[in-house]
Amino acid sequence: MTKIKPYKSTKGRLLGFAVVGHADYGALGYDIVCAAISALTVTTVNALQLVAEQEIHLIEGDGVVDYRIRGRPNMQTDTLLQTVAAGYKGIAEEYPLYVSYEEDA
């Protein structure tokens, strides 16, 4: 199962996410759930760096992508992170046996 936990500021603004584990929905190379989460994650990290021009704290490993902005959140980071949160939540709702989104993290 893939577990997704948001990082939030003390004021409740999104700063990033920990995405941990393998969905195991399909065979290696054919797991559409993993592919969807990966596409959202890579696109968001790239957009935070290239569009919002933010430095990112990023940890990547087998079954782990942990990312958060290093600077202060702003309108661009809010938009990008709220958008990816909606995507993660949608996948978790459609595939609850394979993905969990921890809202209160």
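In which sense do strand β3 and β4 pair, and over how many bridges? In this predicted model, strand β3 (residues 56–61) runs antiparallel to β4, and the pairing extends over six bridges. Two strands are taken to pair if DSSP finds at least two bridges between them; strands (E, at least two residues) and helices (H or I, at least four residues) are DSSP runs, numbered from the N terminus. Across this pairing, L58 is placed opposite Y67 in β4. The two strands make a hairpin with two residues between them, and G63 in the turn has a positive phi of about 75°.

Residues are numbered from 1 along each chain as its sequence is written. Because the model is predicted, local features need pLDDT of at least 70 and side-chain atom pairs count only at pLDDT 80 or more, whereas totals for chains, interfaces and linings use all residues; side-chain values use heavy atoms, with hydrogens and water left out.

Helix α1 comprises 19 residues and spans 26 Å from its first C-alpha to its last, close to the 27 Å expected at 1.5 Å a residue; the expected span is 1.5 Å times one less than the number of residues. The buried residues of α1 are V33, I37, T41, T44, V45, A47 and L48. They lie on the same side of α1 because they cover an arc of only 165° around the axis, the arc being that of the directions from the helix axis to the C-beta atoms. Buried denotes under 20% relative accessible area, exposed over 50%, and partly exposed in between (1.4 Å probe, protein chains only). On the face turned away from the buried side, α1 carries the exposed residues T43 and L50. The cover over the buried residues includes β1 (2–8), β2, β3, β4, α2 and β5.

The largest nonpolar core contains 21 residues, of which F17, Y67 and Y88 touch the most other members. Such a core is a set of buried Ala, Val, Leu, Ile, Met, Phe, Trp, Tyr and Cys residues joined through side-chain atoms within 4.5 Å. At least two residues of this core come from each of β2 (14–20), α1 (32–50), β4 (64–69), α2 and β5 (99–101). Helix α2 gives the most, with six residues.

Within helix α2 (residues 75–94) lies T77, which counts as buried because its relative accessibility is 0%. Leaving aside neighbours within four places in sequence, T77 is in contact (heavy atoms within 4.5 Å) with L48, A52, Q54 and I69.
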